[in-house]
Amino acid sequence: MMSEKSKQHVESCRFCWMCHHICPIGNATGLERNTARARALGLSLVNRNAIELSEVIDNVYECACCGACVHDCTTGWDPVMFTKEARLDAAMEGVLPEYINALVDNCLETGNAYGVTELDGALVSEIEKHADKKDVLLFLGVDARCKVPVAAVNAIKALEKANVEFSVLADEPASGWQLEYLISAANETKEQMEACAKVLNDYAKVVVFDPQDAKVLKREYKEWGVEVNAEVVTYTSYAAELLANGKLTAVNCGKEMTYQDPFQLARDLGETEEPRKVIAAYADLKEMLCNSGDTMWAGNLLMKEWMADVIVRVAQARIRNAKGVGADTIVTASVSEYASLKAVDQDEVKIVSIEELILGA
Ligand code: SF4
Ligand code: SF4
């Protein structure tokens, strides 16, 4: 069921090894199976009916879809495209691994892959303060709401500091990014996105806190014809705008900090300067290896559900990159990367989110 275009990318990629050094998962595991071309080799065998998709399906879910290989591929092949098509095929053929099926069921039943049905009490209180309808909506996303409520609370408080009037939804819909990652362009994913778009269209502007949501809202919605009339902006670009127009005032603490570019912002949406403007207002920015469009993913909460030990090693590698340039603080703009980096047992490099940076000053 794979498209001819994807088959061509599979056949071209399977002979090559040129991007194996930039895969964060391959680097963390040291395993050949965690390279783009190894995935292509497996899928090539499936396309030739030599093996069943179910025989390589675990490997298909060992990819973060971070796009580092796509970005690095000088010949222009796209492993993310064929990996996502393989996931859609697996969903349609009923050969998803059980651990993925369970997460998909949670997405459909509760709106989040983790199956969380009750929000943290402190977050509920913060959300209640912004229940009135305003022109601007702060969209928190499932990771912040369900797994890292402290990030959601701080995101709200940082905007309060700028005296912005905004709403936060108690029953915020899922943007569909988790289903898009798990089963790609399935009908269920599009239906979740359409339901979300209906809610967002009640607002003039939507400030999207989580880059994972921002990526689908600004990219996949358009590609798949899901219309959002509201202006969609990332939290980081909105914070940069608040600083530029004087609604936020910053004091530079003089500390050297480095920035962990989320691939969704830096590669998928081309946003690299806005977060740097925010950090440079509060601290001295020091770049680490693999920054901006060359960023190296630092882990996420969704994959932690089935690859917890690998996520720790991915985050450890990024902390080593920060230490390598002598930075004692990593600033994150992704809830998932913040949580992954924070979960590493170490005390040499501080992990600070953009919203904490604003609140700290
Ligand atoms: S994505 Fe490009 S560089 Fe990487 S293995 Fe495939 S063909 Fe080679
Ligand atoms: S998309 Fe990222 S995780 Fe997947 S093979 Fe490419 S570099 Fe590795």
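Which residue lies over the face of Y203? K133 does, at 4.3 Å from the ring centre. A charge sits over a ring here if NZ of Lys or CZ of Arg is within 6 Å of the ring centre and within 35 degrees of the ring normal. K147 and Y114 give another case: the charged end of K147 sits over the Y114 ring, 4.8 Å from its centre.

Ground rules, quickly. This is a predicted model, where local features need pLDDT of at least 70, side-chain atom pairs count only at pLDDT 80 or more, and totals for chains, interfaces and linings use all residues. Residues are numbered from 1 along each chain as its sequence is written, chains are lettered from A and ligands numbered from 1 in written order, and side-chain values use heavy atoms, with hydrogens and water left out.

Next, ring against ring. The whole structure holds 4 aromatic pairs. One of them is Y61 with W306, edge-to-face, 6.4 Å centre to centre and 80 degrees between the planes. This pair links distant parts of the chain, 245 residues apart. Y61 is in the loop between α4 (57-60) and α5 (68-72), and W306 is in helix α17 (residues 301-324). The criteria: rings of Phe, Tyr and Trp (its six-membered ring) pair if their centres lie within 6.5 Å; planes under 30 degrees apart count as stacked, over 60 as edge-to-face and the rest as tilted. Helices are DSSP runs of H or I, at least four residues, and strands are runs of E, at least two, numbered from the N terminus. Both Y61 and W306 are buried. Buried means under 20% relative accessible area, exposed over 50%, partly exposed in between, with a 1.4 Å probe and protein chains only. Ring pairs also join Y61, Y99, Y181 and W306 into a cluster.

On to domains. The assignment gives domain 1 (4-94), domain 2 (121-240) and domain 3 (250-360). Those bounds come from an automatic or database domain assignment. The C-alpha centres of domain 1 and domain 3 are 27 Å apart. Across that pair, 16 residues of domain 1 are in contact with 12 residues of domain 3. Contact means heavy atoms within 4.5 Å.

Now the ligands. Around ligand 1 we find C13, C16, M18, C19, R37, C73, W77 and P79. A residue is near a molecule or strand if one of its heavy atoms lies within 4 Å of it. That shell divides into 7 nonpolar, no polar and 1 charged. Around ligand 2 the list is C23, P24, R39, C63, A64, C65, C66, G67, A68, C69 and V80. By class that makes 9 nonpolar, 1 polar and 1 charged. Ala, Val, Leu, Ile, Met, Phe, Trp, Tyr, Cys and Pro count as nonpolar; Asp, Glu, Lys and Arg as charged; the others, Gly among them, as polar.

Stay there for N34. Its place is the loop between α2 (24-29) and α3 (36-47). N34 counts as buried because its relative accessibility is 2%. Leaving out residues up to four places away in sequence, N34 touches C23, I25, G26, T29, R39, N59 and E62. The C-alpha atoms of N34 and C63 are separated by 7.4 Å, at 29 residues apart along the chain.

Last, backbone. Phi of N163 is positive, near 55 degrees, in a residue other than glycine. N163 is in the loop between α10 (149-161) and α11 (177-183). S184 has a positive phi too, about 55 degrees, and is not a glycine. S184 lies in the loop between α11 and α12 (187-200). Buried or exposed? N163 is exposed, at 67% relative accessible area. S184 is buried, at 8%.
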